Amino acid sequence: MQKVLLIANYFSDQDWEKEGTSKYLYPLGVLSIATNLRQHGHEVEVLDLNVDSTLKSHIFAKICGFEPSIIGLSAYTENIDSVLRLAKAIKKQNPNVMVVLGGPHVTLFPEDCIKNRYVDYVVVGEGENAFLELIETFEDEAPLGIGDIKSLMYKDSNKVVANDIAEFISCLDLFPLIEYSFLSGARKINEFRFPMVNVSTSRGCPGKCIYCSAGALSGSRYRVREIENVFLEMVVRNLDYDGSKCIYIIDDTFTVFGKRVYSFLRYIEEFGTKMTWACESRVDSMTEELVHAMADCGCVDIQYGIESGSQEVLDGIRKNISLERVREVIRWTYEAGIILTLSFMLGHYCDTKETIRDTIDFIKDVYDSYGNKTNIVVSFNTPFPGTYQYENRDKLGLRLVSERFDLMTLGIPVCETNCFNEADLRNAMLEVEPFTEASSEGLN
Amino acid sequence: MIKRVVVRTLHGLSYVGEFIRVDEEKLVLRPSKKSEILFILNIESIDFVVLANGRTIKCEFGKDICEAISLLEEIG
């Protein structure tokens, strides 16, 4: 059996070399891989740098104490440089440890990552099966050779070898429930917006929004867990915290299939389950009846991606929603007593100073009408790799002001067009900040 | 419903699925309606079972597993 240390780096632009912590979401991908490895008898530990001390000495004390033979690092676009520096530091101190990279950025740029001299293997896409098969090749009676492991990239005599890519996992129910006990005590409660426990019920998104990389990362085929299993998991998570924490369904869009959501609600009613939960949704999948049914069954917060206050822009970014519908769904949700979390972005390729003004006005209007029950989140449009807008940025007239991935944090303007520049976006953000701050404070 | 349960093992893993049967000291769960793959768990390794109504039955080392199953029949 192998000893494996999985390290979840910062999501943000913070660095493992500096002391500090951030509050963000559970590293569910890392935890899912860790759970799968434990199921197969391997000894696994997880170091989540978002909460555990990130001091270099702490990381290396952990490595020294646990003595893993394999260390897995997950990387997002904004932290890839930091992750590669960590890989280097690990290899310098522990040259015999195998370093495996995975995660969203690695999936999009596997060749760039494997070419790094301090990286031994790269896992592309969903990591549960490939990581397990990889570490089993280090066992005496390995069922597969390195060349047989799908979605794996590695070096052989300094040449890059890319194995075939595995299909996306079709049945998400064949894994044990993600084990949160790998996290340190503080991390077991997620305090991103309020104390919450995360549950994932699907992978992928049927949407075609040009700013989102879900299609490239999780497949455009939307895959769901059986809703009975989801309900049971939520019952257990609720028991784990004596019903005191909100359960946050972390899917890109929980409400894609209305019938599935209604089945979930029926189980809550049938068993009299007392729990509070929240989810992310799209306005085009909501009805007034569904919103009220969700509220009656403990839903306390729904996040809707609105993205712009201009219909022209919504059409241009293939959001496939109408502002009329947005206003309706916001009203229904407010009337149902559910807290609204509305997210917007400034600086779409088709934005102009006028459409940015429309978005600012829309935000002010929503705040004036529903401010006491609304959490408004505004970020800068960021062309992440894997998105349509990144791949087609020249055609769209979108210019990156910097090629630095570590600036892609959503909190820094990184693109401009002939119609707006960095300063315009910063000024627009200053204008909406009083509403985003005020609305957040209202919920605390 | 759904004769579904969550089974927590002493190894610190939780499995969710439809209860199929107990035989030869093994608890058999089907994780998905369409799945031909089954979870087969040693009864000795079960810590507790959680039913859909939130009832938790401590079954450490296989003890009281029958109680858990009979309750499941009732709510099923």
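How much area is buried between chain A and chain B, and what share of it do carbon and sulfur atoms give? In this predicted model, the area buried between the two chains is about 2000 Å², and carbon and sulfur atoms give 66% of that area. The size of an interface is often given as the accessible area lost when the parts come together.

**The interface of chains A and B**

Chain A brings 21 residues to the contact, and chain B brings 27 residues. Between chain A and chain B the count is 4 salt bridges. In a salt bridge that joins A:Glu228 to B:Lys33, the side chains meet at 3.1 Å, taken from N to O.

**Salt bridges**

Over all chains, the count comes to 26 salt bridges. A further pair lies within chain A, where the side chains of A:Arg203 and A:Glu126 form a salt bridge at 2.9 Å, N to O. This pair links distant parts of the chain, its two residues being 77 residues apart. A:Arg203 belongs to strand E9 (residues 202-203) of chain A, while A:Glu126 sits in the loop between strand E5 (121-123) and H6 of chain A.

Two packed helices are described by the angle between their axes and the distance between the axes.

| Helix pair | Angle | Axis distance |
|---|---|---|
| H1(A) (residues 28-39) and H6(A) (residues 128-136) | about 45° | 9 Å |
| H10(A) (residues 288-296) and H12(A) (residues 323-335) | about 30° | 9 Å |

H1(A) and H6(A) pack at about 45°, and the two helices are therefore oblique to each other. The crossing in which H1(A) passes H6(A) is right-handed. On the side of H1(A), the contact is made by A:Ser32, A:Ile33, A:Asn36 and A:Leu37, which meet A:Glu128, A:Asn129, A:Phe131, A:Leu132 and A:Ile135 in H6(A). By class, the residues of this contact are 5 nonpolar, 3 polar and 1 charged.

For H10(A) and H12(A), the angle is about 30°. Because angles under 35 degrees count as roughly parallel, H10(A) and H12(A) are therefore roughly parallel to each other. H10(A) also passes H12(A) in a right-handed crossing. Here A:Glu288, A:Val291 and A:His292 of H10(A) are in contact with A:Trp332, A:Thr333 and A:Glu335 of H12(A). The residues of the contact between H10(A) and H12(A) divide into 2 nonpolar, 2 polar and 2 charged.

Conventions:
Residues are numbered from 1 along each chain as its sequence is written. Chains are lettered from A and ligands numbered from 1 in the order in which they are written. This is a predicted model: local features need pLDDT of at least 70, side-chain atom pairs count only at pLDDT 80 or more; totals for chains, interfaces and linings use all residues. Side-chain values use heavy atoms; hydrogens and water are left out. Axes are lines fitted to C-alpha atoms, for helices over the stretch in contact, and angles run from 0 to 180 degrees between N-to-C directions. Helices (H or I, at least four residues) and strands (E, at least two) are DSSP runs, numbered from the N terminus. Angles under 35 degrees count as roughly parallel, over 145 as roughly antiparallel, 65 to 115 as roughly perpendicular and the rest as oblique. A crossing is left-handed if the near helix is turned anticlockwise from the far one by less than a right angle, and right-handed if clockwise. Contact means heavy atoms within 4.5 Å. Ala, Val, Leu, Ile, Met, Phe, Trp, Tyr, Cys and Pro count as nonpolar, Asp, Glu, Lys and Arg as charged, and the others, Gly among them, as polar. Buried area is the accessible area (1.4 Å probe) that two parts lose on being put together, summed over both.
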